[in-house]
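Open the model in your viewer and keep the sequence panel beside it. This tour tells you what to select next and what is there.

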Amino acid sequence: MSLAMQPDDPGAEQPFISHLVELRDRLIRMLIAIGVMVLVLLPFANGLYAYVAAPLLAQLPDGNTMIATQVASPFLTPFKLALIAAVFLSMPYLLYQLWAFVAPGLYQHEKRLAVPLLVSSIFLFYLGMLFAYYVVFPLVFAFMVGTTPDGVAMMTDISAYLDFVLTLFFAFGVAFEIPIATILLVAIGAVTPEGLAHKRPYVIVGAFVVGMFLTPPDVISQTLLAVPMWLLFELGILLSRVLLKGRLAEDSDSGEPPPAGSAPKPLPVTPSAGGGAVGRELSPGLDDPDRWRPMTDAEMETELDLIDAEDARLAQAAKTNAPPVTPAGSSAAETPAMPVDPVEDKIVRANQLRDLGNDFAARQMLYQVLEEGDATQRQVARNILNQLDEH
């Protein structure tokens, strides 16, 4: 039995086949849930279709009705609607099964962010569908009926109508997920609320372009999709700022540096192993809130390169049995000894990065330890990650 499969190994991972078995079991549960929901909705399929078709029927002139051009359409179209409705209504349970499969592999700080975003994404998707049904459909169908040429009777095929409304349901459901996407981008540090606010004109134009492709070729439905997308984008910026303020307050209490994109408080410059610093001075004013900022990814890469160069210098000195050359301005006691094990070296670097306040780079280094290290090293990495989560 390999080390990864020993039961007393706290960092042991399940075999790949066990993950496949668990995934199969959860997929079966999801299919059973959908099947049960279909059986519940199937007796009401015709009534369900009549409910979905009500916005169009309310706008048709007297004497006009919907038609079925295919032989099996009167049966297959309501059945198709019942199947899709079963998937939509089962979505909370389906997402719960996916969450239960993925959650054991997430860390505590990831779970704290994922759970509220998962719940709110379901709510926003349903809200988008309701907005399409009660606001968009009456206006769009009234516009289409009003523009019907003289001598033409508008009698829509039931299959074509179902495809049309399902497209709008999906488009508005996805469009209402914009706040979630915005918060995720800010949470991972890809963008900042200020950067998104500066790109507002491009977002407005892009919303109308997306509305043009996802809605029928009329100005009303395009505008009804583009305007909510813009407003939801503004809501996402507002919520992301609230999220950053909450993180800033937590970091102030715990003594950690504020996240990127926020206005951090002035911090003393801490020299790194390569002679750099955690912060960079932006302006000479002592009262300027932007005087200090965290290191960017490029600067952190430079710091890591300097650390690698220092390790290479020490290794070369050890091979030639010559005393290592101490950099100017530092003493021999300040020069770290070179670790023999590269995984141990990564643990040391992760601790250095954590002490410097760069938790993101420390986590990346610890994730590499979890992939490459032995049981003891993985346990040490997990302990450090748990300490980072507690902050």
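Select D163: at 38% relative accessibility, it counts as partly exposed. Here buried means under 20% relative accessible area, exposed over 50%, and partly exposed in between, with a 1.4 Å probe and protein chains only. Before going on, note that this is a predicted model: local features need pLDDT of at least 70, side-chain atom pairs count only at pLDDT 80 or more, and totals for chains, interfaces and linings use all residues. Residues are numbered from 1 along each chain as its sequence is written, and side-chain values use heavy atoms, with hydrogens and water left out.

The side chains of K80 and D163 meet in a salt bridge, 2.9 Å from N to O. K80 lies in helix α3 (residues 73–89) and D163 in helix α6, so the pair ties together parts that are 83 residues apart in sequence. A salt bridge here is a side-chain nitrogen of Lys or Arg within 4 Å of a carboxyl oxygen of Asp or Glu. Helices (H or I, at least four residues) and strands (E, at least two) are DSSP runs, numbered from the N terminus. K80 is partly exposed too, with a relative accessible area of 36%.

**Second stop: helix α1**

How many salt bridges does the structure hold? It holds six. Side chains of opposite charge can pair when their charged atoms come close.

Select E22 and R26. Their side chains form a salt bridge, at 3.4 Å from N to O. Both sit in helix α1 (residues 16–41), four residues apart, so about one helical turn separates E22 and R26. Is R26 buried or exposed? R26 counts as buried, at 16% relative accessibility. E22 is partly exposed, at 23%.

Next, select R24 and D25. They form another of the salt bridges, with the closest N and O atoms 3.0 Å apart. R24 counts as partly exposed at 47% relative accessibility. D25 also counts as partly exposed, at 28%.

Select residues 91–102, which make up helix α4. This helix has twelve residues and reaches 16 Å from its first C-alpha to its last, close to the 16 Å expected at 1.5 Å a residue. That expected span is 1.5 Å times one less than the number of residues.

Colour L94, Q97 and A100: these are the buried residues of α4. Look down the axis of α4: its buried residues fall within an arc of 125°, so they line one face of the helix. The arc is that of the directions from the helix axis to the C-beta atoms.

Select F164 in helix α6 (residues 158–175). F164 counts as partly exposed, at 22% relative accessibility. F164 and T215 are 51 residues apart in sequence and 9.1 Å apart in space, C-alpha to C-alpha.

An unreviewed UniProt entry places the feature "transmembrane region" at several stretches, including residues 81–102 and 164–190. Select residues 81–102: the chain there is 95% helix and 0% strand, with end C-alpha atoms 30 Å apart. Over residues 164–190 it is 81% helix and 0% strand, with end C-alpha atoms 36 Å apart.

**Last stop: helix α9**

Select L214 in helix α9 (residues 200–214). L214 is partly exposed, with a relative accessible area of 38%.

Key: UniProt positions renumbered as here; feature names shortened; annotations may be inferred.
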